[in-house]
Amino acid sequence: VGGPCYGAQRGSTSSFMSVQGYHAGAAAAKYAGTVDAPALPEETVAALVEKALQPTTVEKGFSPEWIREVLHSIMAPAWMNWGGATEATLNAALTNIVELRDLVQGRIYAQNGHALRQAHEAEHMLLAMELKVRAKLERKESRGHHYRRDYPCRDDNYLYYLTETKGEEGEVVFGQV
């Protein structure tokens, strides 16, 4: 979900998220090889394990498949991709993604290990698409695969990589590289 749409097959719009994730993972692995493993207190490890397994404790909630379908319906329409997004369509998508995220948070269920992986993927897709839409809102130009109908021309004031980090209050903080 998200990114340019190559063909009509489901999931085809996630190609760039996968590429970006690959590069981030490779950089993280390279960095991890240069530092010592952190010592984590047992209670921290126990809390992380509990959080990771939380979807297996949910009896009534939302399936990861349903979340993916809804997210796809938000990100795949032509006005988000081929037709060129606008401030209005991006804000509408962001509102829907945030509402979906808040609705399902802590209520995604998994009955087995495969579904547990899908539950975590659904959470990560929600975050990735939220960040993608926020970045598209921030970048007020068109360049390459990033096309905005309300900013149809390239603007060389955007000759940088846009970064997004989590602020102290959990908010998205933009930077430039």
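Modeller: A residue counts as buried when its relative accessible area is under 20%, as exposed when it is over 50%, and as partly exposed in between. Please keep in mind throughout that this is a predicted model.

Colleague: With that cut-off in mind, is T86 buried or exposed?

Modeller: T86 is found in the loop between α3 and α4, and, leaving out residues up to four places away in sequence, it touches R148, R149 and D150. Its relative accessible area is 14%. Because that value falls under 20%, T86 is classed as buried.

Colleague: In what order do the elements of the protein chain run from the N terminus on?

Modeller: The protein chain contains 5 helices and 2 strands. Read from the N terminus on, these elements follow the order α-α-α-α-α-β-β.

Colleague: How many bridges join strand β1 and strand β2?

Modeller: Strand β1 covers residues 162-166 and strand β2 covers residues 172-176, and one of the pairings sets K166 against its bridge partner V172 in β2. The hairpin has 5 residues between the strands, where G170 takes a positive phi near 90°.

Colleague: Which residues is I67 in contact with, leaving aside its neighbours within four places in sequence?

Modeller: I67 is among the core residues that touch the most other members. Once those sequence neighbours are set aside, its contacts are F62, L100, V104, I108, A122 and L126.

Colleague: Which residue in helix α4 does E130 link to, 29 residues apart?

Modeller: E130 is buried, with a relative accessible area of 7%, and it takes part in a salt bridge whose closest N and O atoms are 2.7 Å apart. This pair links distant parts of the chain, with E130 in helix α5 and its partner in helix α4.

Colleague: By about how much of the helix are R134 and E130 separated?

Modeller: R134, which is partly exposed with a relative accessible area of 26%, forms a salt bridge with E130, the closest N and O atoms being 3.0 Å apart. Because the two residues lie 4 residues apart in helix α5, their separation is about one helical turn.

Colleague: About how much accessible area does the nonpolar patch on the surface have together?

Modeller: The patch is formed by L40, V45, L48, V49 and L53. One of these, V49, has its place in helix α2 (residues 42-53) and counts as partly exposed, at 44% relative accessibility. Together, the residues of the patch have an accessible area of about 420 Å².

Methods:
Residues numbered from 1 in each chain as written. Predicted model: local features only at pLDDT ≥ 70, side-chain atom pairs only at ≥ 80, totals over all residues. Heavy atoms only, no water. Patch = residues over 30% accessible without salt bridge, like charges linked within 9 Å, V, L, I, M, F, W, Y side chains within 5 Å. Areas by Shrake-Rupley, 256 points an atom, 1.4 Å probe, with all protein chains shown as cover. Salt bridge = Lys/Arg side-chain N within 4 Å of Asp/Glu carboxyl O. Buried < 20%, exposed > 50% of the residue type's maximum accessible area, 1.4 Å probe, protein only. Pairing = 2+ DSSP bridges. Core = buried A, V, L, I, M, F, W, Y, C linked by side-chain atoms within 4.5 Å. Contact = heavy atoms within 4.5 Å.
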